[in-house]
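This report describes one protein chain for a reader who is new to structural models. Please consult the sequence and the structure while reading.

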Amino acid sequence: MIPRNAKAQLVSSGYADVNGIKLYYEIYGQGEPLVLIHGGLTTIGEMQGWVQPLAKTWRVIAVEMQGHGRTADTDRPMSFTTMGDDIAGLLANLKIPKADLVGHSFGGATAIRAAIQHPNMVRRLVVVSSPYARSGWYPEAQRGMSQVGAAMAENMMQTPTGNFSKQWPEPQRFPQFLDKMGKMMGEDYDWSADIAKLPMPVLLVFADNDSISQKHVAEFFALLGGGVNEPGWLNTQLSKSRLAVVPGYSHYNFITSPEAPQIIHKFLDDRPPAGAAVASQVAPAPEKTQ
């Protein structure tokens with residue numbers, strides 16, 4: 001364990017050959033493995049505010065996904081399903097049979113897919129500011145994501161990922177990558193049926209002014225068996241999963257929150273209170289209103 005005030009140093013870094021791309025990763029700290037996945041168009045650098053506190057207890061494997069940072073884009077199509085497989089491939093490459101997954105926004109969707117597709121490799125799942133269906137995003141957010149494309153390449157060069165693309169073997173791929181990114185984020189999806197079957201404990205973390213509606217947040221928690229029954233007083237029935245809504249942030253500045261890694265730390269260390277029962281994880285899918 002790293003002393004409270006010490007900075008977690010980079011232990012190692014490298015590239016994992018997975019599914020036709022070279023996936024860049026950095027490892028910090030020691031302990032049980034935790035894979036940390038960044039949000040869209042950001043990199044490991046922007047995640048350092050979460051890497052550092054988490055690496056005091058866990059071996060944090062921070063990764064840069066397809067087309068982000070030092071993981072150059074290729075001709076490979078882009079999908080959350082494929083990137084979920086990439087996380088499993090990274091763990092296999094590092095000879096890690098099972099790890100905790102923490103993903104923010106775009107990284108949250110990737111983590112969800114990894115947990116759905118490779119549940120035996122995921123000990124616990126933390127989803128930060130990411131919905132289970134595209135409809136969970138507010139309409140303005142959906143429009144904005146769909147508009148990402150090559151026409152925005154000049155402005156997007158100012159993003160961390162745009163800046164790193166200059167170092168790719170083929171930096172001219174960046175506009176094409178933006179087209180693929182916008183197409184993927186514009187596609188409809190609904191993973192509710194698969195999420196309701198997840199066997200591992202899940203923590204949902206959202207900002208109180210997130211780009212995902214609070215109605216969707218409540219429905220997401222209900223899919224995991226949370227907030228669907230009165231838990232009882234004497235023989236308290238807790239769901240295996242947890243929900244946190246952090247006040248004072250939006251989707252776009254949530255990565256600066258010092259509270260989020262503290263909440264994640266508590267969840268990953270959590271044990272049921274003495275004498276408390278734990279309710280079944282799986283719950284009926286919430287009814288959808290028109």
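What is the mean pLDDT of the protein chain, and what share of its residues reach 70 or more? The model is a predicted one. The mean pLDDT of the chain is 92, and a value of 70 or more is reached by 91% of the residues. Two stretches call for caution, and they are set out in the table.

| Stretch | pLDDT | Contacts beyond near neighbours in sequence |
|---|---|---|
| Residues 273-277 | below 50 | seven contacts |
| Residues 280-290 | below 50 | 25 contacts |

**The largest pocket**

The volume of the largest pocket is about 560 Å³. Its lining is made up of 26 residues, and those closest to the pocket centre are Gly40, Ser105, Met145, His251 and Tyr252. Sorted by class, the lining residues of the largest pocket comprise 15 nonpolar, eight polar and three charged.

**Residue Ser165**

Attention now turns to a single residue. Ser165 belongs to helix 6, which covers residues 160-165. Is Ser165 buried or exposed? The relative accessibility of Ser165 is 1%. Because a residue under 20% counts as buried, Ser165 is classed as buried. When residues up to four places away in sequence are left aside, Ser165 touches Met157, Pro171 and Phe174.

Key: Residues numbered from 1 in each chain as written. Predicted model: local features only at pLDDT ≥ 70, side-chain atom pairs only at ≥ 80, totals over all residues. Heavy atoms only, no water. pLDDT = per-residue confidence, 0-100. Contact = heavy atoms within 4.5 Å. Helix = DSSP H or I, 4+ residues; strand = E, 2+ residues; numbered from the N terminus. Buried < 20%, exposed > 50% of the residue type's maximum accessible area, 1.4 Å probe, protein only. 1 Å grid on protein atoms, 1.4 Å probe; cavity = no way out; pocket = protein on both sides within 12 Å on 5 of 7 lines; lining within 4 Å. Points joined across faces, edges and corners; volume = space filled by probe spheres on them. Nonpolar A, V, L, I, M, F, W, Y, C, P; charged D, E, K, R; others polar.
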